[in-house]
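Me: I am new to this structure. Please show me how to read a few of its features.

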Amino acid sequence: MPAIISDDPAAGLTELPFPPVTKAHILNCSYHNWHPKYRAITPKSRVVPLTKPFVDYLRADGIVLPDDEDERPEWDDDSGVFSSSDNIDRAPDDDEEEEDVDVAADWRETHDAIKSVIADLGGKVVPKLNWSAPKDATWINATNSMECRSPNDIYLLLKSSDFVTHDLEHAFDDCVDSPASSIQQSEIPYHLVLRKYFQLNPSVEFRCFARGRKLLCMCQRDLNHFDFLFNMQSKLQSLIQEFFNVRLRDSFPDDNLTFDVYVPAPYNKVWLVDVNPWAPRTDPLLFSWLEILTMPDPPDMVGQDAGTEEFVRLSLQPVTDTAAHSNCSSNGSAGSHADGAGNDIDGEADSDSDVDEEFWFPELRLIRQGDPEAYSFGTPQYSAHKLPKDVVDASQSGEGLRDFARDWQNVLARRQQDDATTESSEDD
Ligand SMILES: Nc1ncnc2c1ncn2[C@@H]1O[C@H](COP(=O)(O)OP(=O)(O)OP(=O)(O)O)[C@@H](O)[C@H]1O
């Protein structure tokens with residue numbers, strides 16, 4: 001019987017066709033490893049190496065915050081938020097007198113380093129560990145965001161985040177290296193990344209996927225519909241493609257990677273925000289990994305692929321934003337072509353004379369108005385990581401961080417008691 005030949009690249013696959021994920025690849029995507037090389041194209045940040053006692057503190061159950069007179073937050077009735085206040089005159093309560101233990105005794109230097117970096121970066125920072133930011137724990141922060149003004153804000157976020165716990169406990173999960181031959185989880189050099197806080201516009205954050213040192217596709221990071229993006233699609237495609245070719249393609253140690261960029265107004269410069277592993281753990285957002293992994297290779301564009309010179313020529317061409325083609329939106333096909341003037345001409349046959357003016361761009365997938373992707377994010381993201389309302393209420397009780405930790409213990413104790421009561425009444 002003749003073999004059945006299918007055009008579907010996914011036919012017959014029983015699992016996602018990822019190349020083996022190595023620890024070296026995971027480590028290459030750790031902020032402290034890639035940042036020194038890309039410092040000039042990354043928003044301002046500092047990296048604080050973490051000592052084992054500090055990492056042990058992050059790993060420990062429960063949230064006990066170090067006593068730091070400088071940063072005791074104060075509830076402001078007018079603004080309805082906590083505010084950091086220096087030298088708040090506050091008598092210790094009975095509990096404090098009893099527990100005169102310095103939580104930070106073994107990592108006071110790290111604590112002081114963090115404090116001084118916050119000051120150096122203007123007093124407001126956004127933290128992350130080697131790979132992950134505590135995006136799932138913003139509910140616990142007084143600002144309801146990742147903006148931190150004190151070391152204790154940072155500890156509270158990091159210790160409440162499942163994403164950070166993944167960095168601490170599961171960084172090498174699913175890596176193929178033999179356990180004996182390479183670095184162990186316990187030997188990972190952990191670093192705290194502190195990024196200078198700025199008002200970041202989520203509509204112009206994009207996740208990009210590069211395979212075999214070629215940019216395959218990209219999409220919005222924020223899963224809402226932004227109409228204006230459709231008018232500047234080809235400009236964004238060419239900017240990000242140029243950024244990748246010039247800045248990352250030949251310098252990143254691995255052939256495959258995903259990376260996040262930020263393209264703020266007036267949309268002529270690209271910033272590198274993050275590098276992520278080419279692995280199932282990285283969220284493909286508007287794509288599926290199967291779709292990305294089975295996407296055909298981008299064409300070898302003579303000239304476009306040759307390096308920076310041709311890209312200067314490309315970026316000097318006026319870009320007609322309004323000509324953005326619908327094929328590059330959320331249901332578009334992989335890749336699109338643009339002529340020398342930046343107009344998308346996907347799918348059109350060109351005359352021979354046009355051929356050397358043609359450029360291929362990776363697909364930029366956007367959320368259209370009414371897209372289901374947008375609907376499902378009507379509720380806050382990372383909702384799987386949210387906690388019960390009473391825990392959230394305790395965090396916002398207005399009495400400060402130390403009191404929150406105590407309130408949380410009370411909530412847990414009350415829940416245990418309730419459970420015990422329910423069980424005993426069921427037994428009856
Ligand atoms: N300097 C900054 N100021 C304000 N917000 C920032 C700053 N840097 C990053 N952010 C926000 O934090 C978000 C998360 O940052 P980042 O991408 O580094 O986290 P991550 O945990 O690696 O995310 P993912 O798991 O999606 O890869 C960014 O999408 C951005 O919106």
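Me: Is N144 buried or exposed, and why?

Reply: Count C-beta atoms, placed from the backbone, within 10 Å of the residue's own: 20 or more others means buried, 12 or fewer exposed, and in between partly exposed. N144 has 12 such neighbours inside 10 Å, so N144 counts as exposed. This is a predicted model, where local features need pLDDT of at least 70, side-chain atom pairs count only at pLDDT 80 or more, and totals for chains, interfaces and linings use all residues. Residues are numbered from 1 along each chain as its sequence is written.

Me: What about D174?

Reply: D174 also is not a glycine and has a positive phi, of about 70°. D174 lies in the loop between α7 (162-170) and β5. With 13 other C-beta atoms within 10 Å, D174 is partly exposed.

Me: Which peptide bond is cis?

Reply: Most peptide bonds are trans. The bond from A265 to P266 is cis, with omega near 10°. P266 is in the loop between β8 (257-262) and β9.

Me: Where does the ligand lie?

Reply: Look at which domains supply its shell; their bounds come from an automatic or database domain assignment. Domain 1 (23-196) and domain 2 (202-375) both give residues to the shell, so the ligand lies between them.

Key
Helix = DSSP H or I, 4+ residues; strand = E, 2+ residues; numbered from the N terminus.
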